[in-house]
Amino acid sequence: MSGPVTYELRENIGIITVNNPPVNALSQAVRAGLSECLKEALNDSSAEAVIVTGGGRTFMAGADISEFGKPTMDPDLNSVIFEYEDSNKPTIAALHGTPLGGGLEVSMGCQYRVANSKTLLGLPEVKLGLLPGAGGTQRLPRLVGPELALEMITSGNPIPAEKAMEEGLVSEIYNNVSHEELIDNAIIFAKKILTNNTHPKSRERTEKISNISPDIFDNAIKKITPRLRGRKGPLRCIEAVRGAVDLNFEEGIKNERDLFKLCHDSDESEALIHSFFSERMANKIPGMDKDTPLRPINKAVVIGCGTMGGGIAMSFVNSGIPVSIIETTSEFLDKGMNIIKNNYAATVSKGRLSQKNMDKRMSLLTPTLDWDVIKEADIVIEAVFEEMEIKKEIFTKIDNLAKEGAILASNTSTLDIDEIADATNRPEEVVGTHFFSPANVMKLLEIVRGSRTKLDILATLMSLAKKIKKVGIIAGNCDGFVGNRMFHQYVMQAHLLVEEGATPEQVDSVAENWGWAMGPFAVNDLAGNDVGWLIRKRHKAENYYEGKKYASDVADRLCELGRFGQKAGKGFYKYDPKTRKRESDPEVHKIIEDVRREKGVNPREISDDEILSRLHGALINEGTRILEEGHAFRASDIDVCYVNGYGFAAHRGGPMWQADKIGVNKVAKEINNHRNADNLSWPESKLINQLEESNGKLSEFIPDTSNPSKRS
Ligand code: T1G
């Protein structure tokens, strides 16, 4: 039979296999194929039991997300699952890879599940703003109990096969077998259970959902509430699981379906699905043939073992890539290595890393003063002091030592990659790898292309980003690249709002109530106010502020008083030394009043709406300028940057997504109004004006990135 689902008979067992690469998503054709092949198996008198499995790298990894938002096509997944559950021949799901979402739901419709020991089983729908909509909230509690079901469904995180077996979700696991061996073992298992008198249907199992205290749901709500940031999906997940305990199966399924529809129709889900696909779209490099070979990255060298260098090195060894770390003195090296060791030890003490894994990672780190290690490296990442002359000196040294084909990368957060590249004889091999602090934790990696950087280097680094569990975007070599360039405008508006009459507390609470992880002033205090202070001093020396409004007098005053933020115990706020909780500080309000008086500003009442409009308008305005200059490949890359590097709520999609959602013409009008009130801090965006006239969308704009400009 053609199509993505096939049936075959092996001895007296029917085998149904789904082949819909890359992840066997449950498209309409797959759902139809599953139904047809089951009928074939039931009609096959030689088949006494039926195994369903996925070909390639995984069992079905969920519903086909690309079908969402389109008219649903029969058969729907629920009905297919009921067919497997009501089959008059025992059905067994043979699992490997990542049976997730609808895939796990199909397996729970089967009477039995067996798995490769490396399988990860989960219901990640909540990460898409959804909930398991094909019986998952009803069958999982019946198989593993409501508490684990609540944890899995509200977190969206998978569990390993071993735990699944302990909890009764899987009957047998086979140690690290091939897919063929998995099927062989599943056939043996099928023959074994044929001797059972009955084959329990998941939906009829009630032993684990009886006598359940309602407290578990209230506790689940209490646990998730601080992380909601305006989302409703996780609460609906809890209510769906509550239905599994309080209602009979049919009512529970109906309750699940009603709640699923609320999720499916929500902006929150639309934005989260946008975030999901945008992260994957960011991997695509225009002009780069996807079959072009990538460069091997088996050995890395990091120059500098400070906060950034240490964090970068950890990211590599966490993914099994050995790293040599170079420093200028043994003292600096020892200090940096101790910080890394303590970082890992802290994770071990929290039970999030085994001592064995910590030792393995530490064994992949080679501290050294010997620059000759660069000769063996596939990639060299410079992570030293943010000073151009120092970087150029280092790159000349690297250039003289590195082998042909090695990637020469700088972790600079804003300096000119082309100028750094000019210090080498191979500028086309030089690139920026802008990690975000702490580099072993933050997911975003800005891969900064110089005007001569080869495309295969960009593609190699995109692949490397995924391997070291980062989310990469390609950024142009403009001042501040993508993220910081936009953030500079956002923070400037925040500071102007405070000069004009708002308070840091008001601005931060407006941003955080909207969905930001932290407001701009809290972020400044976290990152260190001295970081911005240093950049502002550099900009002043370069006359950057000529013809521009200067909005950081208050921030400068704070820095002059050593109020660098959390690390100094005070910044825009004062911080409890134990809890690090922020509190308003009258001293800061006094400084704000002094600056207003000296600048002749009469403070005025500023509405929350104006605050939000200016904060987001600043991001959108600068983001469109980045696009029109060709410093990003697409608007959604900017969304990926903000969701993964700046605490922009993923369930709000990103600044560019928001602009399209609100309507570019509406946003353009607001930005133009802000510019009429203060043209010095609202640089013109041609793209915004074009889209306003054409009623266009940012998501449809394709920047010209064919010849990346040298930094102006
Ligand atoms: N639908 C459509 N395409 C998908 C997909 C899916 N579910 N999952 C992945 N892809 C595409 C992805 O866009 C990329 O495409 C390629 O596959 C490789 O993905 C009814 C309603 C499975 C762990 O949420 O978590 O079931 O870029 O780069 O890193 O209750 O993909 O190559 O063109 O991520 O090896 C629930 C989502 C859906 C799982 C593999 N399931 N996927 O990771 O590869 S909702 C999920 C993942 C649902 C039911 C509900 C990961 C992965 P392209 P990749 P990977």
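Predicted model: local features only at pLDDT ≥ 70, side-chain atom pairs only at ≥ 80, totals over all residues.
Trainee: Which elements give two or more residues to the lining of the second largest pocket?
Mentor: The residues nearest the centre of the second largest pocket are Met-314, Asn-318, Thr-347, Asn-440 and Val-441. The elements that contribute two or more lining residues are helix 12 (307-318) and helix 13 (330-349).

Trainee: What volume does the second largest pocket have?
Mentor: Its lining counts 28 residues, six of them charged. The volume of the second largest pocket is about 750 Å³.

Trainee: Which residues are the closest to the ligand?
Mentor: The ligand is surrounded by 27 residues. By class, this shell has 15 nonpolar, five polar and seven charged residues. The closest to the ligand are Ala-63, Glu-105, Glu-125, Arg-280 and Lys-466.

Trainee: Which helix gives the most to the shell around the ligand?
Mentor: Two helices, helix 3 (102-109) and helix 11 (267-281), each supply at least two residues of the shell. The one that gives the most, with three residues, is helix 11.

Trainee: How much of the accessible area that the ligand has on its own does the protein cover?
Mentor: On its own, the ligand has 1000 Å² of accessible area. Of that area, the protein covers 76%.

Trainee: Is His-651 buried or exposed?
Mentor: His-651 sits in the loop between helix 25 (635-645) and helix 26 (655-662). Its side chain reaches the backbone oxygen of Arg-229 at 2.8 Å. Its relative accessibility is 10%, and the cut-off is under 20%, so His-651 counts as buried.

Trainee: Which strand gives the most to the lining of the largest cavity?
Mentor: The whole structure holds one cavity of 30 Å³ or more, and the volume of the largest cavity is about 30 Å³. Its lining residues include Arg-449, Gly-630, Phe-633 and Thr-705. By class, the lining has four nonpolar, four polar and one charged residues. The element that gives the most, with three residues, is strand 16.

Trainee: What is omega for the cis peptide bond that joins Asp-74 and Pro-75?
Mentor: Most peptide bonds are trans. Pro-75 lies in the loop between strand 3 (49-54) and helix 2 (77-85). For the cis bond between Asp-74 and Pro-75, omega is about -5 degrees.

Trainee: Which residue does a cis peptide bond join to Pro-21?
Mentor: Omega of this bond is about 10 degrees.

Trainee: What value is phi of Asn-543 near?
Mentor: Most residues other than glycine have a negative phi. Asn-543 is in the loop between helix 21 (529-541) and helix 22 (553-560), and it counts as partly exposed because its relative accessibility is 48%. Its phi is positive, near 55 degrees.

Trainee: Does Arg-580 count as buried or exposed?
Mentor: Arg-580 is not a glycine, yet its phi is positive, about 60 degrees. Its place is the loop between strand 17 (574-575) and strand 18 (582-583). The cut-off is over 50%, and a relative accessibility of 53% passes it, so Arg-580 counts as exposed.

Trainee: How far apart in space are Leu-627 and Ile-638, C-alpha to C-alpha?
Mentor: Leu-627 belongs to helix 24 (residues 608-628). Because its relative accessibility is 0%, Leu-627 counts as buried. In sequence, Leu-627 and Ile-638 are eleven residues apart. In space, their C-alpha to C-alpha distance is 9.1 Å.

Notes:
Residues numbered from 1 in each chain as written. Heavy atoms only, no water. 1 Å grid on protein atoms, 1.4 Å probe; cavity = no way out; pocket = protein on both sides within 12 Å on 5 of 7 lines; lining within 4 Å. Points joined across faces, edges and corners; volume = space filled by probe spheres on them. Helix = DSSP H or I, 4+ residues; strand = E, 2+ residues; numbered from the N terminus. Nonpolar A, V, L, I, M, F, W, Y, C, P; charged D, E, K, R; others polar. Near = heavy atom within 4 Å. Areas by Shrake-Rupley, 256 points an atom, 1.4 Å probe, with all protein chains shown as cover. Buried < 20%, exposed > 50% of the residue type's maximum accessible area, 1.4 Å probe, protein only. Polar contact = N/O pair within 3.5 Å; in protein donor to acceptor, adjacent residues only side chain to side chain.
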